[in-house]
Amino acid sequence: MINKSEKESPLIQVISFDKLLRQYDIMAQSEDYLLATKAKRILEAQAPYPELRKGFGDASLLKKHKETIAIILHDVFSDVLTYNEIKAASLPFDDIIFNTSARFKNILANAGGDQFLPEMRNMPEGQMYIVACTVILNAYYGFQFDFKRPLFYDIPDANGVMRHYRILYNADFMEILPTEKSKQLTQTDVDELLDNFNDLEVWKEKIPPHSFIAKGFVISNMFDITVEHAISEIKSSLISNNRRESTNFMQNLLETFKSFFNLPTIRAGFVEYNPKKNRFERVYGAGMQSFILQDKDVEPCGDALCQKSYGKLLEDNDYFSISDVDRFFKISNGIEPYKNLKEQGIKSAIFAPIADDGKLLGVLELVSPEVNALNSVNANKLEGVMPFIVSAVIRSKAEEENRIDAIIQNECTSVHESVYWRFEEEAQRFIKDELEGGQPTFTEIVFKNVYPLYGQIDIKDSSQARNLAVQRDLIIQLSEINTILMAAWEKSRLPVYEELMFRVNDYIEGIKDGIHTNSEQGIFNFVLDEIHPVFDHLKKSDNALKGLVVSYEASIDMGTDSYYDHRRNYDESVMLVNKKLAALIDKKQVAAQAMFPHYFERYKTDGVEHNMYIGDSIVDNDSFDPIYLNNLRLWQLQVMCEMENAHYKLKPKLQVPLDVASLILVYNTSLSIRFRMDEKRFDVDGTYNARYEVIKKRIDKSYVKGSNERLTQPGKMVIVYSQKKDELEYLRYIKFLKSKGYFTGKVEIVELQGVQGVAGLKAIRADILYKTDNEASSEKTYTYEDLMEELEG
C-alpha cells in the first residue's frame with residue numbers, strides 16, 4: 001500500500017465508491033433477475049461499511065476493505081482480462097493505487113514489490129496544482145480549459161531494463177464538490193488565469209488550496225509504450241547537438257537500445273565507412289566504440305568482414321546478423337568478423353548498414369554476450385529507427401565537413417572577423433536571389449577609403465644561411481659516398497668505382513666556394529640515378545660493404561632522400577622564429593581589435609609580414625576617426641618592438657642563430673581594397689593604388705642612398721615614409737616609446753637609393769632597446785591618448 005502524499009493541492013482527495021454504487025442501486029430495481037441479483041449482492045457486501053459510500057481520506061482503509069472493494073469493482077476489473085490488462089484503481093494525479101490487475105501486480109513485483117513506488121514522470125509540483133485547477137474549472141465551473149498532457153510511469157523490469165507505460169484515466173466515478181473555501185469566478189478571473197499559467201500564486205488566489213473535494217476514484221488504464229518511447233528517445237538523441245562531445249550521449253542511447261530490444265546486456269557501437277579507401281574508420285567522440293575495429297583506428301573492409309557480411313553490408317545495404325558467434329567461428333575456420341567478435345567475448349551481433357540512396361555511410365553495431373539474443377528476427381525491429389539514424393549521420397557528416405572547412409579557413413584562408421559582416425550581407429543577397437529564381441553570383445567585395453599599414457620582421461640573410469646549410473649537408477653526404485666507393489674500389493679495383501669517385505670529388509670541389517642555383521638538384525639527381533643503384537648492388541654482393549651502405553642509408557632523411565642535418569636545423573630555426581613572432585602579434589591583435597575594428601592579415605615567409613587596413617567602410621556599426629589610425633600606428637610600432645625582443649630571447653635557443661630586421665611602411669593616402677574571388681584574398685584596387693604594392697615589394701631590398709649599406713639592419717626599427725608630417729609623427733612615437741623602454745634614443749634619418757618605379761622615399765632608423773630575462777616585460781599596450789597626455793604633461 002502506498003501512503004498518500006502531502007503535496008499542496010486545491011483538491012481534498014476522498015476515496016469513495018458512491019457514484020459507482022448508485023448505479024448498482026438502479027440496477028437492483030431492474031426486472032432482469034440476474035442483473036438485479038448481482039447488484040444486490042454487491043450492495044449487501046458494501047452495506048456494513050458506510051464509509052465506502054460516504055468516503056474517507058485515510059488510505060490505510062484501502063487495505064482493511066480490500067476484499068469488499070474487490071467485490072464492488074468486480075465488473076470494472078474483469079477476471080478474464082486480469083493477466084492481459086495493465087490496470088488499477090487510483091486517485092487522480094496521485095501515486096495511490098489499489099485493486100490492481102494481475103499483470104500490473106506482476107510488473108510492480110518485478111520492479112521491487114512493496115519497496116518500489118511508481119511515480120508519474122516529469123510532473124512538476126507547481127504544475128500538478130494547476131492541472132488540478134483546470135479539472136475544477138471544467139467540471140465545476142463549466143469553463144473549457146484544455147491542458148491535457150500525457151502521463152507516464154517508468155518502471156524497471158526484472159532484468160533492470162526500464163519500461164515505459166502511458167496512463168489513461170477513466171474519471172466516470174469522480175465528483176468535484178466545493179468546500180467553504182471555494183470562490184465564485186467571473187470571466188475576468190478566468191481571463192487572468194489564461195494569461196498567467198506560470199504564476200502559481202495567481203492560481204492559488206482564484207482557487208485556494210483545499211477549496212474542493214475530489215470524491216470517488218479513477219480507473220488507470222496503462223499501455224506498454226516502451227518500443228515507441230525508445231524510438232522517440234533515439235530520434236531525440238540523434239537530432240540533438242554536440243552528440244560526439246556529449247559524455248552522456250552514448251550511455252543514454254545504449255539504455256534506450258536496451259529498452260528497445262528488452263536486452264539488458266546489449267552494447268552499441270558505430271563505425272564510419274570511407275568509400276574512397278574502402279575501409280572502416282573509427283568515430284571519435286565521448287563513449288564511442290567499435291566492435292568491428294576493436295582497438296584499431298582503421299581497417300580495410302575486406303579484412304574486417306567475410307565475403308557474406310561484405311556483400312550484405314556494402315553491396316546490398318542489408319542487415320547482417322550473427323545469432324551464435326562461436327558456431328559461425330567454427331564453421332568459417334575462424335575468419336573475420338567472427339574471430340574479432342569471439343576475442344571480445346561477444347556471442348551474438350547485428351550489423352546494420354547506415355546507407356543513403358545506396359551509398360554506405362557507416363555501420364551500427366549491436367552486440368550481446370548471450371547466444372541468440374540478437375538475430376535476424378529482432379534485427380527487423382531496427383526498421384523503425386534506422387531512418388532517424390541515417391538522417392543523423394548525414395547531418396553529422398555535413399557538420400563535420402563544415403567544421404573541416406572552418407578549420408582549413410582558420411589555418412589557411414579565412415574571412416577576417418572585422419569584415420565578416422560584409423560577406424554575410426553578400427551571402428544573404430545571394431540566397432535571396434536564388435530563392436527568387438534568379439541566377440545569383442557572388443559580387444566582389446570592395447572597401448573604399450581605407451588606410452593601409454604594413455610591417456615585416458624578416459630573417460636577415462636567410463638565403464645565405466640556407467645555402468650554407470645545404471652546402472654542409474651535401475659535402476657530408478658526398479664524403480660518405482666517397483668512403484664507400486673507395487672501399488669498393490680497393491676490394492675489386494673496378495674502374496667504374498674510380499670514375500664515380502672522380503665525379504663525387506668534382507661535385508665537392510664545385511660547391512666548396514658556394515651553392516649555385518642548380519647545384520642542389522644536380523647532386524640529388526646524380527646520387528639518386530647513379531649512386532643508389534651501385535649501392536643496391538654492393539649490398540647484395542658483399543656483406544662488409546653492405547654494412548657501410550646500411551650505415552650510410554641510416555643517416556639519410558626519408559622525407560628528402562638526402563642528408564638533412566644542417567638543413568633541418570635551419571628549417572626548424574626558421575619555423576620557431578615564425579611561430580614565436582606570429583603567436584605574439586596574433587595575441588596582441590585581440591586588444592587592438594577592441595580599440596577599433598580593422599582588417600588584419602599576417603603570413604609567414606622567412607619571417608612574419610602583416611597587412612592592416614582601417615577606415616569607415618571596414619566597420620559595420622561604428623564611425624571612423626583619424627585618431628584610430630594614429631592609435632593603430634603607435635600600436636604597430638610598439639608590438640614590433642616586442643616581437644624583436646621576443647626574437648632576442650629566442651635566439652640563444654635556436655640551432656642556427658638567425659638575426660631579424662624590422663621594417664614599417666607608412667602610406668599616408670587612403671586607398672581601396674577588393675576581395676579577389678579567384679585568389680580568395682584582399683588586394684589593392686585600381687592602377688593608382690597599385691603603387692603601394694610596388695613599394696611594399698621593393699623597399700626591403702633597397703640601400704641607403706650614396707652607400708652599399710642595406711636599409712634594414714638587425715637591431716634597428718626602419719620606418720619608411722615619403723611625407724614630412726609622417727616623419728614628425730613617428731619621431732613623436734619613438735620619443736614616447738623610448739620613455740617606456742622600447743628604444744635607446746639613437747635615431748637617424750636616411751634617404752633611400754632610387755628603386756625602380758619608386759623615388760623620394762626616406763626612412764627613420766631607430767635603435768631598439770632589448771631587455772634581459774630579468775627585466776619585466778610589459779603587457780601594457782600604449783594608446784594615442786597616452787602619448788597625448790605624455791606630450792601635454
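The lining of the second largest cavity comprises 6 nonpolar residues, 2 polar residues and no charged residue (Ala, Val, Leu, Ile, Met, Phe, Trp, Tyr, Cys and Pro count as nonpolar, Asp, Glu, Lys and Arg as charged, and the others, Gly among them, as polar). The model is predicted, with local features requiring pLDDT of at least 70 and side-chain atom pairs pLDDT 80 or more, whereas totals for chains, interfaces and linings use all residues. Residues are numbered from 1 along each chain as its sequence is written, and side-chain values use heavy atoms, without hydrogens and water.

The lining is formed by A592, M595, F596, H598, I614, Y628, N631 and L632. Two or more of these residues come from each of α22 (566-595) and α23 (626-650), and α23 contributes the most, with 3 residues (helices are DSSP runs of H or I with at least four residues, numbered from the N terminus). A cavity is a set of points on a 1 Å grid over the protein atoms alone where a 1.4 Å probe fits but cannot get out, and lining residues have an atom within 4 Å of a point.

Elsewhere, helix α18 (residues 462-492) has 31 residues and spans 45 Å from its first C-alpha to its last, close to the 45 Å expected at 1.5 Å a residue (1.5 Å times one less than the number of residues). R493 follows α18 and has a positive phi, near 55 degrees.

Helices α19 (residues 495-512) and α20 (residues 519-541) pack at about 155 degrees, with axes 12 Å apart (axes are lines fitted to C-alpha atoms over the stretch in contact, and angles run from 0 to 180 degrees between N-to-C directions). The two helices are therefore roughly antiparallel (angles over 145 degrees).

Notes. 1 Å grid on protein atoms, 1.4 Å probe; cavity = no way out; pocket = protein on both sides within 12 Å on 5 of 7 lines; lining within 4 Å. Parallel < 35°, antiparallel > 145°, perpendicular 65-115°, else oblique.
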